[in-house]
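Okay everyone, thanks for coming. Let me put the model up, and then I'll talk you through a few spots in it.

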Amino acid sequence: MEILLILLLGGGIAFCWSRIDSLERRVEHLSDQIIVLSHDLMKHAKAGTQADPEVAREATPPQSAPEPVPDPFAEEPAQPAVPESQAEPPFEEQSRPEQAPQEETALPEQPEPVAAAAYAKEPEPALTQEIESQSGFSFDFEDIFGRRLPIWGGGFALAIAGIFLVRFSIEAGLLTAGVRVALSFVFGLALLAGAEAAYRFEERLRDPRVRQALAGAGLATLYGAFYLAGTAYGLIGAGTAFVGLAVVTAAAIALSFRFGLPSAVIGLVGGFAAPMLVNSDSANVPLLSFYLALVTGGLVWAGHAQGRNWLGLPALAGGLGWGALMIFGGVGNSADFIAVGTYLVVLGTVLPAFLRSKGGPSLPVLASGAIATLQMAVLVSEANFAPLTWGLYLLISAALAGLGWRFSELRPGSLVAAGVGLWLLLIWSNPDPQFYALVAAAQVAIFALVPLAHQAFGRARHLDLAQLSIVALGIAIAIYTRYGGWGSPDIEPLLGGCILGLALLPALAFTILWHREEDDATRKPLLLLIPAVLLSFAALLLLTPAWLAPASGLLAAALLLWCYSQRDTLAVKIAYALSAALTIAALLLSPDFESEILRLGNITEEVDLVRALIRWLAAASPFAAMAWLGRSRVGRGFGEVLAVMLTYGAVAQIAHHLGIADALAWIAALAAIAILLRWQEERLAACATALVIAGLWAAEPLFEWVMAGSEAMIGMPFLATSAIAPVDLALRIAPLGAAFAMLVWKRENQSIEQRSAMALGLCLIAAIALHSLFKLGFNITSLLAFEHYGFGERSVWQALLLVAAYGAQKLLPADYRRPVSLTLIALTLMHFVWFSLVLHNPLLMAQHVGPTPIANWLLLAYPAAIVGIWMALSQWDDAPRFARATVDAVSMALIALLGLSLLRQVFAGSVLTSTPISQTESLLISLLGIVLALGFLWWGSWRGQRSWRIGSLVLMLGAVVKVFLIDAAGLEGLLRVASFMALGFSLIGIGWVYTKQLARRGGEDAGEVPPDQAEVSSASQS
């Protein structure tokens, strides 16, 4: 191991040494080139400096300036030459010698000086820009953090200082309540006066941020003062405090137009912080709600008025945060609920309307509405769903609907309120039924009839139609969840009537859309049709018995059938497909379906035939109409597939009732044939569906056959018990074959690939049927019978396949002749090789070949394989030489195996493995090899085929080796001498015969020269 490592290390060192030496030589060569190039460039530069500029300018055309010489060692592309006016004189110019006058005349022909200019560059522009950008960034940083932010921060600090000053006076008890509040008002007004003074003396201050900071601090202080006076001390009434807060809000908005938007931001943010900073144990929820609503509304309105809608987003976030604090802090009475509820409705609906965009409600607007909706639901739940709270909610909802009628921007608020109402109906536990119905009806009137009115007047938008559909579906779900169920048959008719009335709302809206011919779009009709279909179906389910569910789906689909037949619109197609799918869902979920679906096969269950027919035909009817009325190929095909499947279900119920269920495969196959004969290419989907049903009937016996065949491939015998029974062949396999035959016969315009695929399917079915009949004919049902008759069965089957291949080659049309024949030949050979040679070879395992010598199954099995090989070769035009040689080799190997098997049969009987090989038999095997070798030699010589002669030599060599190693080893004395003498004379005779044959043929077949001629030729040459 150490020596190996030393050798590897030495080799690595030698390799690195050679590489370094090569690199050194390369570097020296490149250095010499650099020196030469530098000398030439310096020479041209010196010549250029002595040239007369006027002469050079006249001699050198400006448009054809020579390009600079590229540097082969540069890492970056060469920069363009700098103009002479910008380049400094090269360093060679300071000490250039004087040139002869005759050299100046040749100067214009020299290249422009480029090397010197390349070394005289200005600083890179990118570096200069980077230095400038860095100096600019430093200036901006100083401007923001050194000049602007301190002033704004000072304004906030003043506002907070005023609030904390009041808080400190409260905690220390230095001043009375009235004095504290008065000082707060004085301080706030003083700050506003300072802001006005800064505004008037703008020429001296020259900084608008001073007045903005003072105004913001003054507004925040006034917010806090009014809040203290009205909430903490009760010095003024709620109305006075409300008016004061409104005045401060108005002042903040007005000052934002006078001093700039920052003053309003500072003031309103300070107003948000005032209730938190001022500690008060007895908060007035209504006043706090109005106060926060004014603060939030002022900020949103100010931002909207000045084109800064983004300011409304943090205002809404702060307001909704305060709403959550008020709800979780506890709402004690109805007044508090009214205040907080109004506050949430304003924040969730009215204020987001100011933040609308051209593309519809933005994500923050929708999020604010959703958060307000959840808070409102919590608030109503906290009030225990009292009638007063519901009344307030409905009044607010009606007001929003009225505002939405006037201002379309506020309609999303009505949708938010509708969502709140539906949520409250769903979570309302143990309500009074009459009061529950009254609340639900009021919500329908407010949230569904108003959008319907919009639709009637031609003012409805997608959002309105969505609200109409959502409310109708939501109310139906809420009332059924609360009072419906499978175990309440007494109330189901009432619920069904209510849901049917809800279904009329989107249906009426769609009717208006239909008459205006505005149904070409997809979204609007779908927003109305889908809920109308679902609600109609649900209502019919409640109004009819459970077993009639598919018929209820059919009635719901019938409402759209006329529309589907009149106009080719995508929305109607989708809605009709949905309604048709509901019939299938109703069939699957309704009673008796399990028993009915078992009757699709061969299992008979007791069912009510009339009900079953009604159910299956009701489910099939919408799809039959789709297949008949559909204008698109996809729609017709979809309808045909499901119509045929469901119609087959109805027919299966009748077949079981009549006791002819075994004929269902023929019924399906005949249906496929009838559809093909009647409509040809028009109803291919229906024909294919019926064909698939027939194929499903054949699937079970075919699967069992395939499984038995798969087990046979690994050595388990294919017994007659695994073959397809004649009854199944007649009732299950034959229908599928008949349908395939009709497809092959009638569809003349199909492509060759399609016809070939169908013909292949038909051939497979026929082959499986014939194989099963063949197996049943031999009737091998046990392993013992397989041992006696298995080899004969295989031999006969292989012979039949070969006869079929010959018949196909002679009788089939030209297009099918060769592929079918070659396929059958391939099956014959594969069957023989795998089953007769590999898995069940009679030379290796117990297989009866027949009791009579020579006249047995061996003479049928092996010759069939040999003939199959030569039949395949005969159909191979211009077969290469190696293919013919391979066929010859395989034929010789099979003949040798046949001879060996026949010889064994003489000594062992029908089972070739029954007795061991004796010495006499072993000698005869060697003799058989020699005889076969002579026969191969004679055949090869007569036919002029060298491969047979080579095969004879190989076989002879094998026989000789066997004699020396095996046969002669067991002999002694004169027998051994006699055997060797016989072997010697045999070899001499074989050699003489082989030489004679070659001399006679003259070597023409293989380009050979006989030995005698070769000797004559060599003698003549010498």
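Predicted model: local features only at pLDDT ≥ 70, side-chain atom pairs only at ≥ 80, totals over all residues.

Numbering runs from 1 along each chain as its sequence is written, and side-chain values use heavy atoms, with hydrogens and water left out.

Salt bridges, then. I mean a side-chain nitrogen of Lys or Arg within 4 Å of a carboxyl oxygen of Asp or Glu, and by that rule there are seven. One of them joins Arg-683 to Glu-640, with the closest N and O atoms 2.8 Å apart. Arg-683 sits in the loop between H26 and H27 and Glu-640 in helix H25, so the pair ties together parts 43 residues apart in sequence. Helices here are DSSP runs (H or I, at least four residues), numbered from the N terminus.

Buried or exposed, what is Arg-683? It's buried, at 13% relative accessibility, and Glu-640 is buried too, at 5%. The scale is this: buried is under 20% relative accessible area, exposed is over 50%, and partly exposed is in between, using a 1.4 Å probe and protein chains only.

Then there's Arg-200 with Glu-196, at 3.1 Å, N to O. Both are in helix H6, four residues apart, about one turn of the helix. Arg-200 is exposed, at 59%.

On to the helix pair. H31 and H32 pack at about 145°, with axes 10 Å apart; axes are lines fitted to C-alpha atoms over the stretch in contact, and angles run from 0 to 180 degrees between N-to-C directions. Contact means heavy atoms within 4.5 Å, and the residues making it include Leu-822 and Phe-832 of H31 and Tyr-862 and Gly-868 of H32.

Now the cores, meaning sets of buried Ala, Val, Leu, Ile, Met, Phe, Trp, Tyr and Cys residues joined through side-chain atoms within 4.5 Å. The largest has 72 residues, and Trp-390, Leu-425, Ile-475 and Leu-502 touch the most other members. Apart from that one lies another core, of 41 residues, with Trp-697 among them.

Last, the loop residues. Asp-592 has a positive phi, near 70°, without being a glycine, and is found in the loop between H22 and H23. Ile-854 also has a positive phi, about 70°, and lies in the loop between H31 and H32.

Conventions: Helix = DSSP H or I, 4+ residues; strand = E, 2+ residues; numbered from the N terminus.
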